[in-house]
Amino acid sequence: MSIINRIQSSWNRTNVKCVHCGKVYIQYIEEQIPGCRDKEYDICPYCNKENGSSMELDFFNSKVE
Ligand SMILES: [Zn+2]
């Protein structure tokens, strides 16, 4: 199973509007595993600018097709 299929079946999906370019992208989030937390950045797939970061969530962003 591909990473995309795994994400689409188990992650929470939301739509996010980029504060930099104003475009809407699809964001999948999943809680990080406690004990192996790392800083994850929420990067816009259109302009590659950061819309925030989290020590608790993993982000996977994709453009709206
Ligand atoms: Zn953007």
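Confidence. I looked up where confidence is lowest and highest in the chain: helix 1 (residues 3–10) has the lowest mean, 66, and strand 4 (residues 50–54) the highest, 97. pLDDT is the predictor's confidence in each residue, on a scale from 0 to 100. Over the chain the mean pLDDT is 89, and 89% of the residues reach 70 or more. I note that where pLDDT is low, the predicted coordinates should not be read in detail.

Conventions. This is a predicted model, in which local features need pLDDT of at least 70 and side-chain atom pairs count only at pLDDT 80 or more, while totals for chains, interfaces and linings use all residues. Residues are numbered from 1 along each chain as its sequence is written. Helices (H or I, at least four residues) and strands (E, at least two) are DSSP runs numbered from the N terminus.

I traced an open sheet of 3 strands in the order 1-2-5, with antiparallel pairing; two strands pair if DSSP finds at least two bridges between them. Strand 1 (12–17) and strand 5 (57–63) are the edge strands, each pairing on one side only. Neighbouring strands of this sheet are turned by 30° against each other on average, direction ignored. For that angle, axes are lines fitted to C-alpha atoms (for helices over the stretch in contact), and angles run from 0 to 180 degrees between N-to-C directions.

Pairs. I found 6 bridges joining strand 1 to strand 2, with Asn12 opposite Ile29 in strand 2. These two strands form a hairpin with 6 residues between them, and Gly22 in the turn has a positive phi of about 80°. Strand 2 is joined to strand 5 by 7 antiparallel bridges, and Tyr28 stands opposite Phe60 in strand 5.

Loop. Is Lys39 buried or exposed? Lys39 lies in the loop between strand 2 (24–31) and strand 3 (40–43). Lys39 counts as exposed because it has 9 C-beta neighbours inside 10 Å; the cut-offs are 20 or more for buried, 12 or fewer for exposed, and partly exposed in between, with C-beta atoms placed from the backbone. Leaving aside neighbours within four places in sequence, I listed Ser53 and Met55 as contacts of Lys39 (C-beta atoms, placed from the backbone, within 7 Å). The C-alpha atoms of Lys39 and Met55 are separated by 4.7 Å, with the residues 16 apart along the chain.

How values were computed:
Contact = placed C-beta atoms within 7 Å.
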